[in-house]
Amino acid sequence: MLKSRHLLGIADLEPAEITLILDTAEAMTEIAARPIKKVPALRGRTVVNLFFEPSTRTRMSFEVAEKRLSADTLSIAVAQSSVTKGETLLDTIRNLEAMSPDMIVMRHASSGAPHLLARLCRSVIINAGDGMHEHPTQALLDAYTIREHKKRFDGLKVAIVGDLMHSRVLRSNVQLLNKMGAQVWACAPATLMPAELARFGVRATTSIDEAVADADVIMMLRIQHERMHGHFIPSTREYFTLFGLTPARVARAKPDVIIMHPGPMNRGVEIDSDVADGPYSVILEQVTNGVAVRMAVLYLLAGQEAAPD
Amino acid sequence: MPQVMDADRMSRALTRIAHEILERNRGTSDLALVGIRTRGVPLARRIARSLREINHEEIPTGSLDITLYRDDLMRHAVGPQPVVRRTEIPFSIDDQRILLVDDVLYTGRTIRSALDALIDFGRPRSIQLIVLVDRGHRELPIKADYVGKNLPTSLKQSVQVRLQEIDGEDEVLLDDPAPAGGASC
């Protein structure tokens with residue numbers, strides 16, 4: 001059973017809770033193979049997907065997960081909402097709450113926005129990405145994919161390469177992998193390397209060759225042009241030469257390495273097409289697993305609802 | 001805790017049920033066993049084994065987790081949220097005669113959930129219900145086709161089926177007065 005009513009970040013989860021979510025997700029995967037891909041677990045529950053930032057994969061993944069659990073879903077994208085008319089975040093949520101949804105899945109460009117709402121609202125809040133802070137369901141689906149292939153976390157070398165500075169995927173993944181006993185190597189150009197990484201017990205390097213050497217898992221992150229207000233890299237072509245994942249670099253890793261990417265991919269910027277589509281890539285499995293993991297999170301949190309807060 | 005069934009009697013009851021299945025269905029063609037997790041699964045496997053010994057035919061056997069079909073997910077005064085486990089039905093149930101297996105038949109709510117779940121997998125020709133123990137107190141119009149033992153109980157009592165595969169021992173215990181949350185359904 002989960003201790004918190006909300007899923008705001010990996011920071012709040014204990015290893016046993018992470019294992020419970022992954023085990024529950026494993027049971028959920030089978031539903032996708034049925035003739036009727038739906039179970040009645042969340043029948044009559046209303047889930048609002050509130051996306052203040054554009055997202056295709058995560059929002060669709062949550063929607064599919066909610067529908068497979070028979071919840072009633074409502075997706076609101078920022079462009080259509082009254083935020084553009086000047087309403088504050090809190091007023092938007094209070095208005096939504098007046099229609100009594102049970103859960104709110106939320107993405108916001110400001111770090112900590114879901115935490116604020118969790119304090120002020122009655123609904124269960126699931127963080128679907130807040131600024132540069134956390135993206136817990138992404139880290140959970142990454143963990144699920146790693147566990148499926150490696151059967152363990154303990155002692156694994158996981159290399160995370162790319163735009164670390166702007167990445168909430170990195171921050172959630174580092175915490176999760178640390179809790180589960182894996183060793184994380186982080187690699188980025190010095191301009192995109194967050195200073196606080198060392199505090200998390202991460203081995204930081206600017207050499208991708210060092211990062212991927214004997215790695216069990218390589219996780220590539222996207223260059224987030226939309227968050228770059230300044231010159232962090234000279235050119236995408238130079239970036240690819242120095243930090244792109246090529247077949248030659250993959251060859252330095254363990255023979256059974258898996259290559260991951262949370263998407264959307266920039267082919268030819270952080271990853272070579274031959275690697276993205278190659279035999280070590282589990283990128284599309286991540287998408288499939290995302291649905292099962294989000295079903296697990298929704299189901300486990302739905303059970304919390306009755307609890308007094 | 002008083003024992004109401006030992007390993008011997010349990011084994012005889014399951015063998016008898018296997019014979020009843022053959023008699024009633026005139027053989028094993030189109031039959032498939034589905035055990036309800038947790039303890040229905042080993043019981044289904046044992047019945048499959050008995051049927052094989054008697055009739056020399058293999059019966060497809062699957063397992064069903066009904067957690068996501070329960071009607072009490074949001075009523076947590078009852079106890080901790082149940083853990084979801086894998087459903088494995090590696091065959092088509094369309095036009096099959098399904099033998100649904102559970103350890104204890106009580107309110108009938110588990111069976112109601114299991115019927116809903118099964119129907120999501122296809123359209124079986126029929127569904128028959130096998131239980132090791134029928135303890136009465138139905139809350140829904142559900143009845144078993146094959147019963148290992150009819151056990152009159154009071155609502156205060158709890159029935160506990162223990163199996164070699166899970167608990168290391170074959171026996172049925174009748175506990176009274178029940179501590180909160182006995183393993184019955």
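Two strands are paired here if DSSP finds at least two bridges between them; helices (H or I, at least four residues) and strands (E, at least two) are DSSP runs, numbered from the N terminus. The model is predicted: local features need pLDDT of at least 70, side-chain atom pairs count only at pLDDT 80 or more, and totals for chains, interfaces and linings use all residues. Residues are numbered from 1 along each chain as its sequence is written, while chains are lettered from A and ligands numbered from 1 in the order in which they are written. The view shows an open sheet of three strands in chain B, ordered β1-β8-β7 and paired antiparallel. At its edges are β1 (3–5) and β7 (158–162) of chain B; each has a single partner strand, so one side of each has no neighbour in the sheet. On average, neighbouring strands of this sheet are turned by 30 degrees against each other, direction ignored. (Axes are lines fitted to C-alpha atoms, for helices over the stretch in contact, and angles run from 0 to 180 degrees between N-to-C directions.) Strand β8 (residues 171–175) of chain B is joined to β7(B) by five bridges, and the two run antiparallel. In this pair, B:Glu171 of β8(B) stands opposite B:Arg162.

An open sheet of four strands in chain A runs in the order β2-β1-β3-β4, with parallel pairing. The edge strands are β2 (72–77) and β4 of chain A; each has a single partner strand, so one side of each is left without a neighbour in the sheet. From one strand to the next, the twist averages 15 degrees. Six bridges pair strand β1 (residues 46–51) of chain A with β2(A) in the parallel sense. A:Leu50 has A:Ile76 in β2(A) as its bridge partner. Helix α4 (residues 113–120) of chain A packs on the sheet and touches β3 (103–108) and β4 of chain A; its direction makes about 170 degrees with that of β4(A). Contact between two residues means that their C-beta atoms, placed from the backbone, lie within 7 Å.

Domain 1 of chain A gives 22 residues to the contact and domain 2 of chain A gives 23 residues. On the domain 1 side, α1 (15–29), β4 (124–130) and α11 (283–302) of chain A each supply at least two residues. The most comes from α11(A), with six residues. That side of domain 1 has eleven nonpolar, seven polar and four charged residues. (Ala, Val, Leu, Ile, Met, Phe, Trp, Tyr, Cys and Pro count as nonpolar, Asp, Glu, Lys and Arg as charged, and the others, Gly among them, as polar.)

**Helix α2(A) against helix α11(A).** Helix α2 (residues 57–68) of chain A packs on α11(A) at an angle of about 55 degrees, and their axes are 8 Å apart. The two helices are therefore oblique to each other: angles under 35 degrees count as roughly parallel, over 145 as roughly antiparallel, 65 to 115 as roughly perpendicular and the rest as oblique. The crossing of α2(A) past α11(A) is right-handed. (A crossing is left-handed if the near helix is turned anticlockwise from the far one by less than a right angle, and right-handed if clockwise.) Residues of α2(A) in the contact include A:Phe62, A:Val64 and A:Arg68, and those of α11(A) include A:Val291, A:Met295 and A:Leu298. By class, this contact holds seven nonpolar, two polar and four charged residues.

**Helix α5(A) against helix α11(A).** Helix α5 (residues 136–150) of chain A and α11(A) cross at roughly 115 degrees, and their axes come within 8 Å. This crossing is right-handed. Among the residues that meet are A:Leu140, A:Leu141 and A:Tyr144 in α5(A), and A:Asn289, A:Val293 and A:Val297 in α11(A). The contact of α5(A) with α11(A) has five nonpolar, five polar and three charged residues.

**Backbone details in loops.** A:Gly263 and A:Pro264 are joined by a cis peptide bond with omega about -10 degrees. A:Pro264 lies in the loop between β9 (258–260) and α10 (273–276) of chain A. In chain B, the peptide bond from B:Arg37 to B:Thr38 is cis, with omega near 10 degrees; B:Thr38 is in the loop between β2 (31–36) and α2 (40–55) of chain B. A:Asp214, a residue other than glycine, has a positive phi near 55 degrees. The loop that holds A:Asp214 runs between α7 (208–212) and β8 (217–220) of chain A.
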